[in-house]
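Subject: Structure handover

Hi,

Here is the structure for your files. Please look it over first; my notes follow below.

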Amino acid sequence: MTDITITRKNNSIVEVVASGHTGYGESGEDIVCAGVSTLIQSALLGLLQVAKINVSFKVNEENGSLRFTLPDVLTAEERHDADVILNTMLCGLQDFYTEYSDYINLEVN
């Protein structure tokens, strides 16, 4: 099971935590785990490389976890870009959750 927790503040996503493997398929062939990982990692890359936001993040490949947190203070442009990137990620995760809720736990606070 992959556990994903998304934290909002003032209606904007400020933190994403994901851990565990979905168990949908064998290691290296788990398309659900790969899809979820791709969505989350692409969002992080978008924040860092496209929006140029100094996001704090930690990856642990052994247990399959990724956590990233946005800075407390963002410019209006950075907040807009972060909202677009992260809400797009959330749309994708919600779609995966709809289809694969036996393998994904998605919590949005």
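The protein chain exposes about 6,700 Å², and carbon and sulfur atoms supply 48% of that area. Accessible areas come from the Shrake-Rupley method with a 1.4 Å probe; for residues, only the protein chains shown count as cover.

Some ground rules. This is a predicted model, in which local features need pLDDT of at least 70 and side-chain atom pairs count only at pLDDT 80 or more, while totals for chains, interfaces and linings use all residues. Residues are numbered from 1 along each chain as its sequence is written, and side-chain values use heavy atoms, with hydrogens and water left out.

**Overall shape**

The C-alpha atoms fill a box of roughly 45 × 25 × 20 Å along the principal axes.

Of the 109 residues, 36% are buried. Buried means under 20% relative accessible area, exposed means over 50%, and partly exposed lies in between (1.4 Å probe, protein chains only). Take the contacts with a separation of 6 or more: residues 24 or more positions apart account for 59% of them. Contact here means heavy atoms within 4.5 Å.

**Fold and strand pairing**

The chain has 2 helices and 5 strands. Along the sequence the pattern reads β-β-α-β-β-α-β. Helices (H or I, at least four residues) and strands (E, at least two) are DSSP runs, numbered from the N terminus.

Which strands pair? Two strands count as paired if DSSP finds at least two bridges between them.

- Strand 1 and strand 2 run antiparallel, joined by 7 bridges. K9 stands opposite S12 in strand 2.
- Strand 1 and strand 5 are parallel, with 5 bridges. I6 faces V108 of strand 5 as its opposite residue.
- Strand 2 (residues 12–19) and strand 4 (residues 65–69) are antiparallel over 4 bridges. E15 has T69 of strand 4 as its bridge partner.
- Strand 3 (residues 56–60) and strand 4 are antiparallel too, with 5 bridges. F57 stands opposite F68 in strand 4.

**Turns and positive phi**

The hairpin of strand 1 and strand 2 has 2 residues between the strands. N10 sits in that loop. Its phi is positive, about 55°, although N10 is not a glycine. N10 is exposed, because its relative accessibility is 72%.

The hairpin of strand 3 and strand 4 has 4 residues between the strands, and G64 there takes a positive phi near 65°.

K52 is another non-glycine residue with a positive phi, near 60°. K52 lies in the loop between helix 1 and strand 3. At 61% relative accessibility, K52 counts as exposed. For context, most residues other than glycine have a negative phi.

**The core**

The largest nonpolar core has 26 residues. A nonpolar core is a set of buried Ala, Val, Leu, Ile, Met, Phe, Trp, Tyr and Cys residues joined through side-chain atoms within 4.5 Å. I4, I6, I40, L47, F68 and M89 have the most contacts inside this core. The elements that give two or more residues to it are strand 1 (2–9), strand 2, helix 1 (31–50), strand 4, helix 2 (76–99) and strand 5 (104–108). In soluble globular proteins, nonpolar side chains tend to be buried together.

Leaving aside neighbours within four places in sequence, M89 is in contact with I6, V16, L39, I40, A43 and F68.

Then go to A43, which lies in helix 1. Is A43 buried or exposed? A43 is buried, because its relative accessible area is 5%. Not counting residues up to four places away in sequence, A43 touches I85, L86 and M89. A43 and T88 are 45 residues apart in sequence, yet 8.3 Å apart in space, C-alpha to C-alpha.

**Cysteines**

How many disulfides does the structure hold? The count is 0, where a disulfide is a pair of cysteine sulfur atoms within 2.5 Å. C33 is buried at 11% relative accessible area. C91 is exposed at 52%.

Best wishes
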